[in-house]
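Here is a short report for a reader meeting this protein for the first time. Please look over the sequence and the structure before reading on.

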Amino acid sequence: MGLCNTASRLRRIAVSVTAVTAAFALTGCGSLIGRSQAKDIAEINVSSPELRDGKPLPRDYSCQGNQGSPPLRWSSQPLSEAKSIAIVVDSHTSSDAAVHWVLYNIPATTTELGPNAAADPPEGSGQATATSGKVGYDPPCRTPGSYRFTVYTLDGKVDPHKGSTLPEILKQIADQTIARGRLTAVDIE
């Protein structure tokens, strides 16, 4: 019983640390932005017909290509409290971290996005401004680097107000996360 509680606490801490770390990296400061109300987090299986976990990001989905965002698929145990899905694409290179895409308020029944979904997002969804200042998918350019495609199931919807910053939207996603999964590409082909 004690080990189960410890593992559960570690999962909650990992999700909170990921969200806060991303917010810190984006704002360039180390002050506490806010505290996430961490919960037990279920796992999501994330896959893609174009990406392989631990393999290089295909050039077509980088700044050297013209395909836009790659197709993604996901699955998890049914969660009755699921209200929406969010996708965050971020990178970590030796010199910096960046968020390349945030798509939120995807209908909870959605289990995949086709190629270049950033250009034609699901009805009712929204996209945040990436680190670069661009709204939509901002293809990664730097190598070496690690490019994470993370899918979140939320127990609510992101409710941005006019002028919401990227860290504010990421915090809303973190606060409402009930399941999470990730596919990570390493470097660019």
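## Overall build

This is a predicted model, where local features need pLDDT of at least 70, side-chain atom pairs count only at pLDDT 80 or more, and totals for chains, interfaces and linings use all residues. Residues are numbered from 1 along each chain as its sequence is written, and side-chain values use heavy atoms, with hydrogens and water left out.

The protein has 2 helices and 8 strands. Helices (H or I, at least four residues) and strands (E, at least two) are DSSP runs, numbered from the N terminus. Read from the N terminus, the order is α-β-β-β-β-β-β-β-α-β.

Of the 189 residues, 45% are buried. Buried means under 20% relative accessible area, exposed means over 50%, and partly exposed lies in between (1.4 Å probe, protein chains only). The protein exposes about 9,500 Å², and carbon and sulfur atoms supply 50% of that area. Accessible areas come from the Shrake-Rupley method with a 1.4 Å probe; for residues, only the protein chains shown count as cover.

Contact means heavy atoms within 4.5 Å. Among contacts between residues at least 6 apart in sequence, 71% join residues at least 24 apart.

## The sheet

In what order do the 8 strands lie in the open sheet? The order is β5-β2-β1-β8-β7-β3-β4-β6, with mixed pairing. The edge strands, β5 (112-113) and β6, each pair on one side only. Two strands pair if DSSP finds at least two bridges between them. Strands of a sheet pair through backbone hydrogen bonds, either parallel or antiparallel.

| Strands | Sense | Bridges | Residues opposite each other |
|---|---|---|---|
| β2 and β5 | antiparallel | 2 bridges | Arg73 and Glu112 |
| β1 and β8 | parallel | 2 bridges | Ala42 and Ala179 |
| β7 and β8 | antiparallel | 9 bridges | Thr153 and Ala179 |

Strand β8 is mostly covered, with 7 of its 10 residues buried.

Helix α2 (residues 166-176) lies across β3 (84-93), β4 (97-107), β7 and β8 (177-186). The helix runs at about 55° to β4. Axes are lines fitted to C-alpha atoms, for helices over the stretch in contact, and angles run from 0 to 180 degrees between N-to-C directions.

## The cores

A nonpolar core is a set of buried Ala, Val, Leu, Ile, Met, Phe, Trp, Tyr and Cys residues joined through side-chain atoms within 4.5 Å. The largest one has 27 residues. Trp74, Ile87, Trp101, Leu113 and Phe149 touch the most other members. Strands β1 (42-47), β2, β3, β4, β7 and β8 each give two or more residues to this core. The largest share, 4 residues, comes from β8.

A second, separate core holds 13 residues, including Ala86, Val102, Ala128 and Ile169.

Gly136 lies in the loop between β6 (126-127) and β7 (145-154). Is Gly136 buried or exposed? Gly136 is buried, because its relative accessible area is 4%. Beyond four places in sequence, Gly136 contacts His100, Trp101, Gln127, Ala128 and Ala130. Its C-alpha atom is 7.2 Å from that of Val102, 34 residues away along the chain.

Leu51 is found in the loop between β1 and β2. Its relative accessible area is 2%, so Leu51 is buried. Leaving aside neighbours within four places in sequence, Leu51 contacts Leu57, Pro58, Pro70, Leu72, Phe149 and Leu183. Leu51 and Pro71 are 20 residues apart in sequence, and their C-alpha atoms are 8.4 Å apart.

Thr177 lies in strand β8. Thr177 is buried, with a relative accessible area of 1%. Its side chain reaches the backbone oxygen of Ile173 at 2.6 Å.

Ser125 sits in the loop between β5 and β6. With a relative accessible area of 19%, Ser125 counts as buried. Its side chain reaches the backbone oxygen of Pro122 at 2.6 Å. Beyond four places in sequence, Ser125 touches Leu103, Tyr104, Asn105 and Ile106.

Terms used: Polar contact = N/O pair within 3.5 Å; in protein donor to acceptor, adjacent residues only side chain to side chain.
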